[in-house]
Amino acid sequence: MVSVPGRAGVLGALCVSAMMNAVCALSGGMLLPRESPSREVKELSGLWGFRADKSPSRNLGFERAWYKRRLAETGPVIDMPVPASYNDITQDHSLRDFIGWVWYEREVVVPARWLSDEGTRVVIRVGSAHYYSVVWVNGVKVTEHAGGHLPFEAEIGALLRKDPTSPCRITIAVNNTLTLETLPPGTIQHFDDHTKYPDGFFVQNYSFDFFNYAGIHRPVLLYTTPKAYVDDITAVTDFSDNTGFVNYKVSVQGATTATLKVTLQDRDGHCVASSNELSGVLKVVDVNLWWPYLMHDNPGYLYSLEVRLMAPNEDVYTLPVGIRSVKVTSTQFLINNKPFYFHGVNKHEDADIRGKGLDWPLIVKDFNLLKWLGANSFRTSHYPYAEEILQMCDRHGIVVIDECPGVGIKDIYSFGNASLTHHLVVMDELVRRDKNHPSVVMWSVANEPAAEMHPADLYFKTLIKHTKALDPTRPVTYITDSNYARDKGAPYVDVICVNSYFSWYHDQGHLEVIPIQLNTQFENWYGKYQKPIIQSEYGADAVPGLHSDPPMMFTEEYQKAVLKNYHDVFDQKRKQYVVGELIWNFADFMTTQGITRVVGNKKGIFTRQRQPKAAAFFLRERYWSLANQTGILPTWTKYPCSL
């Protein structure tokens, strides 16, 4: 088991190699649980029992087998909401920065019909937990998982039926420790000088600039399927003239033979194509393509692909499908063979109190702000976002660059075989989960790695080749801020994504350097690689309400001035090979405490509470202007007053 050491000599207890070996090759699909005539879903959101293992070794819970009985019988527990990060819920300072194992427990009444029917599978699914998780049901381990941000599940029906009269007691232990072989990586640092630090004092170090929130961040579900069930669906789309194509493949488990009915329905419920095969191509005449927001007057059009498995107990699963194509040339990013220009944002799953926990009011508010802003895209910096967010993107036509948790890869030991093996598994999981979302147009395998290091060449060559093999229909990138001449991974990507903060992290206060340095950046990258470029990050911190004229750093005026200087160069280069601009950041977000951050990163154009700074109005003017130039808005439309 993964444990956090109480002293430096116990660091070997963080046996990540063994952890990786426990994560075997992936099998089966990862379809989002949906209710249907054959499937039921029981969401377990709410209050769970909770305890942090504050023993010096952080391993007391395993030594005393807390999972074998009710958590309250082994010691004190507190209420903890799920989904939510645990860090900001209590007034306990030690819990906010806690590193190690925490324990969750919930007793659930399972419907009797689930237990009486031997032909019903019962599955537990955890949407996301950070970062290593072990799950028990009634004291029996059913699964474990390495890595946050992505779902994992296990079938538990047979276990529940052993004692159908007892409640289903679910225990989940979660460990947020980062090592040089996890994703993202980190290190544990011990301080043994007892004249300065208490006994057993250690801290978690990491190289990414957002708070290391931990806990169960997305819903825990119980769901059912028949014994013979639709395990996975892959839908790849394209079109020619007015005919759309859905190349589909269905995987079935629990049956030696399968009789299917596959039906593609339009938005009004009319059947537009059908088949009885496990795989094939559905042709749609007079197709409605999936278009991005502001690029068409009918964005986000979705068909419904219903797969009906005929078996002793019928199974039905319906997958939303958007028919569109994605292509990249040396100077353009094409959606449906039309040039697409990313005018969007970077985001974080981050908010007051709930941390990274899924929160529907926040999600809906963010999408209203995105559309108000005139943004057509965002990048899931620096990890995969919730499936529910991608569903919203599909419906609203918001384009997504889908990024894995490969952030902060700075140490040479993070380029070793164990790290690469885990990184490949994470990409498998990400592509398997998100492959059918039409909003996802590109995979990002890392953010700002130390790509100039010698091991980076083979590491990223292997990683990018693997990702393209998983999904040859989408371009692959990683986000760089390194010197163009020394970057060892750039030759393998399809689109160059560059982060830069001119007149912020260097040449502070000198706005006049931005046009020169930004132009040099673009010319160097394009001159060397001849690939389209996205400015994947740029910006400046602004403390809301802080003003200065002439502009000074950290004022709203300075943030706005930085944006304007960048935009002037973007407008020159987007006529050549720059295909996008993504502001850093959509909203202020929490970071670790330090002298460079005052209660978090303030580069948001909105505050953490989603109130606009001056830059938000400035960016809104620009994005609606770009939409008028590149989309379908009438020329007289400046932008709508409300959406």
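1. Accessible areas here come from the Shrake-Rupley method with a 1.4 Å probe, and for residues only the protein chains shown count as cover. On that basis the accessible surface of the protein comes to about 25100 Å², with 53% of it belonging to carbon and sulfur atoms.

2. The model is predicted, so that local features need pLDDT of at least 70 and side-chain atom pairs count only at pLDDT 80 or more, while totals for chains, interfaces and linings use all residues. Residues are numbered from 1 along each chain as its sequence is written, and side-chain values use heavy atoms, with hydrogens and water left out.

3. The protein has 12 helices and 32 strands, these being DSSP runs (helices H or I, at least four residues; strands E, at least two) numbered from the N terminus. Its radius of gyration, taken over C-alpha atoms, is 25 Å, close to the 26 Å that the globule rule gives for 643 residues, so the protein is as compact as a globular protein of that length; the rule is 2.2 Å times the number of residues to the power 0.38.

4. Of the 643 residues, 60% are buried, where buried means under 20% relative accessible area, exposed over 50%, and partly exposed in between (1.4 Å probe, protein chains only).

5. Val142, placed in strand S8 (residues 140-146), is partly exposed, with a relative accessible area of 24%. Leaving aside neighbours within four places in sequence, Val142 is in contact with Val135, Trp136, Val137, Ala154, Ile156 and Leu159, contact meaning heavy atoms within 4.5 Å.
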